[in-house]
Amino acid sequence: MADRKLVLLIADGLADRPVIDYDYKTPLEYANTPNMDRLAKGGLVGQLDPISPGVRPGSDVANLALLGYDPARFYTGRGALEALGAGIDLGPNDIAFRANFATVDDDFRVLDRRAGRIKKGASKLAKVVDDVKIDGVHGVKLIFKATTDHRGVLVLRGEKLSRMVSDVDPKEEGLKVGTARATDGSEEAKRTAQALNEFVKRSHEALREHPLNTQRVSDDEPAANIVITRGAGTMPALPSLKSRNDLRGACIAGTAMIKGLALAAGLDLVDVKGATGGFSTDYEAKAKATIEAAKDKNFILVHVKAPDLAGHDKDFKGKVKIIEELDGLVGSLIDEVDIGSNYVALTADHTTSVYSGEHTGDPVPIVIGGPDVPASRVTKLSEAAAARGNLGRIRGLDLMPILTDVIGRSRLYGS
Ligand code: ZN
Ligand code: ZN
C-alpha cells in the first residue's frame, strides 16, 4: 500500500455552546464554512470527549490525549512543554515553569498579571532576569527566556529539585504574589520552593529600576517589574509516535506548548514565518508548509490557537471570523493534500465558551476525511451535527488508534 498521509488539524477551543443572542447557534454553526462542510459530508463525523464526559481540560492534557498519551500516565506539568517549545534543552532533573512579566506595587500586590501585555523590550528584560542569581539555595542555576509578549519560561537546574511546588502567580489581579510551597512536603519540593521564592524576589530587584521600566512608567504603561510563575513541570517521557504508530511526523504550530509536546513525541518542528500562535496567524503560510512537509512525512500535526483566544475574550463575532479564516486552510488542505488518496482530520482540544470565556467539559466535533471513509452525509459541520454523525462519541485517547487504523498503519491485536 502506498504511504498514506494524514494531516491532523487541531483548532484550539473551536467548539462552543449555542448562544441565545445568535439564534441558539454556536460560532461554528453561524460561520460560513464550505470547506469544513465538504470535509464533513464525505467523512466520518462524531463527537469527541477530550478526556472524558464533563471533564474541563487544559490544552496540555487535552493535546496529550489527542496524540494518544494518557495524561494520567504521561502528564508531568505544562511548564516543561513550554520550555521545550521555547527551544530550551531540558535535562531530566530540570524543573520548568510558565512565567509572566507582571506589574506589582511595593507590597507585591499584582496590579497587572501581564504587565500591559508588554511586547517591546521583553527580550531585553528577559536577559536581565536570566542573569539573576539564586544564592540562598546551593547549586541551583536558572535559565529564563521570553516567549511571546509578556510570557516566558523559567527553568531551575540542579540536583534534588521537584515539580511538586505551588504557583507563585495568584492568577487574579489585586491579590499578592504567592509564596511557593511544597505540595507534597518533600525536602526536594521545599528546596525548589525556596529557590523559586528567592528567584521571584530577585527578579523584582533586577527589574524595578530597569531603564525600560522607567520609560514605561513615564509613558503611562505598567512596568514589567516582576516575574511570576505557574505550572511547574519536568520533561515528559513520551514514547515516540514513530515507535508507537509508525508515523514519521512534523508539527506546524506557533504555540510554545504545542511545539514542546510535538518535540517530546518525536515530531520535527517546521518553522513557519507568520505562524504566530496568535490572532493574526498566517493561514496561507501554514497551508504551504503543511503541503511541503507532507512530501516526506506521513503525519502532519497542524495547530491553530486563535479560536481559543476569541473564546476566552467572549467574542462571538471574532470567533466566527477566525473560523471562516480557518475554513480557508481546511480548503487548501483538502485540495492540495488530496483527500482522494490521503487523509485530513479536524478536531478541537476542548470547547472554549464565548459565553463564559472558559473551557467547558463538552464534547467537540471530530471529522476524518479521506479515501474509503464512510460518508456521514452531514451537510453543515456543527456541534449538533457531530452528535448525529456516523462515528458516535469517542474519547481523546481513541483518536490515534482510529486514525492509524483508517490510514492502514494499525497493528493487529491478538493473532
Ligand atoms: Zn486549548
Ligand atoms: Zn484556552
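The structure is a predicted model, in which local features need pLDDT of at least 70 and side-chain atom pairs count only at pLDDT 80 or more, while totals for chains, interfaces and linings use all residues. Residues are numbered from 1 along each chain as its sequence is written, chains are lettered from A and ligands numbered from 1 in the order in which they are written, and side-chain values use heavy atoms, with hydrogens and water left out.

The zinc ion (ligand 1) is coordinated at 1.9 to 2.1 Å by Asp12 (OD), Ser59 (OG), Asp349 (OD) and His350 (NE2). The angles among these four donor atoms run from 98 to 133°, and the site is tetrahedral, a term that requires all angles of four donors to lie between 85 and 135 degrees. Both Asp349 and His350 are buried, that is, under 20% relative accessible area (1.4 Å probe, protein chains only).

The zinc ion (ligand 2) is coordinated by Asp308 through two entries (OD and OD), by His312 (NE2) and by His359 (NE2), at 2.1 to 2.4 Å. Because its four donor atoms subtend angles of 56 to 148°, the arrangement is irregular. The donors follow the spacing D-x3-H-x46-H along the chain. The pair Asp308, in helix 12 (residues 306-312), and His359, in strand 13 (residues 359-360), links distant parts of the chain, 51 residues apart; helices (H or I, at least four residues) and strands (E, at least two) are DSSP runs numbered from the N terminus. Asp308 counts as buried at 2% relative accessibility, and His359 counts as buried at 14%. The zinc ion (ligand 1) and the zinc ion (ligand 2) are 4.5 Å apart.

Helix 10 (residues 256-264) is mostly covered, with eight of its nine residues buried. Its buried residues, among them Met257, Ile258 and Leu261, pack against helix 3 (59-66), helix 5 (78-85), strand 8 (249-252), strand 9 (268-269) and strand 10 (299-304), contact meaning heavy atoms within 4.5 Å. Just after helix 10, Gly266 takes a positive phi of about 85°.

By class, the lining of the largest pocket has 11 nonpolar, 18 polar and 20 charged residues; Ala, Val, Leu, Ile, Met, Phe, Trp, Tyr, Cys and Pro count as nonpolar, Asp, Glu, Lys and Arg as charged, and the others, Gly among them, as polar.

How values were computed. Donors = N, O, S within 2.8 Å, 3.2 Å for Na, K, Ca; no water. Tetrahedral: all angles 85-135°; square planar, octahedral: opposite > 155°, others 65-115°. Buried < 20%, exposed > 50% of the residue type's maximum accessible area, 1.4 Å probe, protein only.
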